[in-house]
Amino acid sequence: MKFKTRLMVTFATIVLLPLVLSAAAFTAIGVSLLSSQPSYGLDEIDYLSMSESMQSINSQTDMAYQLLQSQSGEGTLEDIDFLRNFEQSRLPRHSYLLVRKNDEIFYTGNQEAAEQIFAKLPDYGHASGEDSASYYFGDMEKYVKQIDFLFADGSQGSLFIITRVSSLISRQLLVDMIVAIVIILVFTSIMLTRWTYKGVFLPIKELNLAMCKIKEGDFDYRLPKESKGEIGDLYRNYEDMRLRLKETTEEQMHQEKQNRELISNISHDLKTPITAVKGYVEGIMDGVADTPEKMDKYIKTIYNKANDMDRLINELTLYSGIDNNRIPYNYHRINVADYFGDCIEEVGLDLESKNIELNYSNLVDADTVIIADPEQMKRVINNIIGNSIKYIDKPKGVIDIRILDEVDSVRVEIEDNGKGIAAKDLPKIFERFYRTDASRNSSQGGSGIGLSIVKKIIEDHGGYIWATSKEGEGTCMHFVIRKYRELK
């Protein structure tokens, strides 16, 4: 759930839930109070009477009622001074007296209020008992007690104790509602707290734990569950970051491993020619080369070993430049038939001198064109053929070069009849500094990065390369370059 929606739900819950529960609590408490209290002879009891319980109202006025009832036969109820004093000293603050003589008001402590309720008061003789002498006028919020008596002249009189209940608050109702509201607020707070904790704080806690794992270098820790909204976006961003960091770290570790191998391999590959150069130089210095023939042999050997070291350093420099994209490519439109025909002429003489047969076939149209860097593409062909020459172990070596049409691309196959490559080594031959001979015997020359340079150049041309091989029969290198087509 999104934070905006969560805030709206929280706001609605804070506002509406307490109101609904308070209304329900008020209804339940009201019903309980109304059903549990006596009626005291009232004609009707409704929710208005809960502003002060009937028992509380009756207890406040009962003493005054009893005193006045005891005075009903002594003529004191028609004594205005007595009624005024009694009203001031004995009646509750919200009560007043009304004395009716026949059908007129004889005395009242509140003329305006008495005129409003006078017409509704019960007739003389209606109060035949204590309970039947009590009335509640819900529409006017008045509680009334009636005492009937006779005036000295024989006129019918009724004394009414009238109490206003609208301004009073039932203590029981107040206590019950306070308890109910406290319970409602606590319940609402607990519910919202749990909901917020599960929806916000718990995911943040889990994310914090995951970040601690990242800090410790553990990139395999996954968040335990999915989520929606902003939290879900945060989870997904964390997962993307975790995978990216894991990939970057693994690449960095792999690169560091390769760098260590690089130092080791360079040391190994340079040590052999340097040792040879040093030995032959010492031989010349010690006078071992005491004839012109030996001197010439020693000097040629030193020269060849120096060339081997120079070639190794050049290859390392080239690979470093290509790997870091520091060598710009000079792409041109190249006619396939013409370009590979020239390459075959160049390598043919060298292969013939090494007693290796070269077979060439071109099966693409004469006007087929590719986009490539001629110099780097020639490096690809020379590296592959040079690699084949090193591993041909037959008395008569054979190298076949085929140019095939692949509709939208051109496939080049360079196959030899050398000793082949084991199936377990085949996927690794394009890795830098990888050699199939674990001892890294450099008697055959090479740095171990020739095929990795080939792979890099082909991929930078938008193509791809792979190899097939059988041990004892030979190896075939395949690479594909897309054709160039004019836009029509």
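**Exercise 1.** Work out how enclosed helix α10 is.

Solution. Start with the burial count: eight of the eleven residues in α10 (residues 450–460) are buried, so the helix is largely enclosed by the rest of the structure. Buried means under 20% relative accessible area, with a 1.4 Å probe and protein chains only. Helices here are DSSP runs of H or I with at least four residues, strands are E runs of at least two, and both are numbered from the N terminus. Next, list the buried ones: Gly450, Leu451, Ser452, Ile453, Val454, Lys456, Ile457 and Ile458. Finally, look past the end: glycine 462 follows α10, and its phi is positive, near 80 degrees.

A quick note on the source: this is a predicted model, where local features need pLDDT of at least 70, side-chain atom pairs count only at pLDDT 80 or more, and totals for chains, interfaces and linings use all residues. Residues are numbered from 1 along each chain as its sequence is written, and side-chain values use heavy atoms, leaving out hydrogens and water.

**Exercise 2.** Find the strand order of the open sheet, then its edges.

Solution. First, the order: five strands run β2-β1-β5-β4-β3, with antiparallel pairing (a pair needs at least two DSSP bridges). Now the edges: β2 (104–108) and β3 (134–137) each have a single partner strand, so one side of each has no neighbour in the sheet. Then zoom in on β1 (residues 95–101) and β5 (residues 156–164), which are antiparallel and joined by seven bridges. There, tyrosine 96 sits opposite isoleucine 162 in β5.

Definitions and conventions
Buried means under 20% relative accessible area, exposed over 50%, partly exposed in between (1.4 Å probe, protein chains only).
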